[in-house]
Amino acid sequence: MVAERTFIAIKPDGVQRGLIGEILGRFERKGFKLIALKQIIPSRELAEKHYGIHREKPFFSGLVDFITSGPVVAMVLEGDGVITSARTLIGATKPLEANPGTIRGDLAVNIGRNVIHGSDGPDTSAFEIGLWFQPSEINNWSPSDQIWRVESE
Ligand code: DAT
Ligand code: MG
């Protein structure tokens, strides 16, 4: 059985502000397994598919302009409960309402520049991983300290 996976992207503001290491470090320290990572300037087509659910929203074209404006750091993380946990680490969509300690709570102030994306459920994560990554770009590997990562219960 494939373990739970989620798609995470550091948006262009996070890259431009030099926050890649800070953000990657939070997921790494948490203990999730990184199984894919790349920097990509998304095409408009990719961005419009990724945010397709928001197509009718007034902020849609600005959102697509922003996400295609420069490099994004896209990744796939794997682990039990990773989808919900990553959303918790990311914090609320509106950074001013995001709790301190979360990525958006600590690192952002503006909803249109909220530094990071994370899948919001299993269907979305499967769709987004398939949209952003080829299967060959995803690495199946076992951390050498796996014994320390698994649940004891
Ligand atoms: P999230 O990224 O937390 O899943 P979402 O899916 O509701 O939030 O929206 C996707 C992105 O669109 C969000 O990260 C920032 C932008 N966005 C959402 N609501 C917005 C608004 N009212 N004005 C401007 N941008 C908005
Ligand atoms: Mg969303």
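The residues around ligand 1 are K11, Y51, H54, F59, L63, R87, T93, R104, I111 and N114, a residue being near a molecule if one of its heavy atoms lies within 4 Å of it. This is a predicted model, in which local features need pLDDT of at least 70 and side-chain atom pairs count only at pLDDT 80 or more, while totals for chains, interfaces and linings use all residues. Residues are numbered from 1 along each chain as its sequence is written, ligands are numbered from 1 and chains lettered from A in the order in which they are written, and side-chain values use heavy atoms, with hydrogens and water left out.

The shell around ligand 1 comprises 4 nonpolar, 3 polar and 3 charged residues; Ala, Val, Leu, Ile, Met, Phe, Trp, Tyr, Cys and Pro count as nonpolar, Asp, Glu, Lys and Arg as charged, and the others, Gly among them, as polar. A polar side-chain atom of K11 lies 2.9 Å from an oxygen atom of the ligand, and for H54 the distance is 2.9 Å. In R87, a side-chain N or O atom is 2.8 Å from a ligand oxygen atom. The protein buries 73% of the 520 Å² that ligand 1 exposes when taken alone, as computed by the Shrake-Rupley method with a 1.4 Å probe.

The protein contains 8 helices and 4 strands, which are DSSP runs (H or I, at least four residues, for helices; E, at least two, for strands). Along the sequence, these elements follow the pattern β-α-α-β-α-α-β-α-α-β-α-α.

Terms used. Polar contact = N/O pair within 3.5 Å; in protein donor to acceptor, adjacent residues only side chain to side chain.
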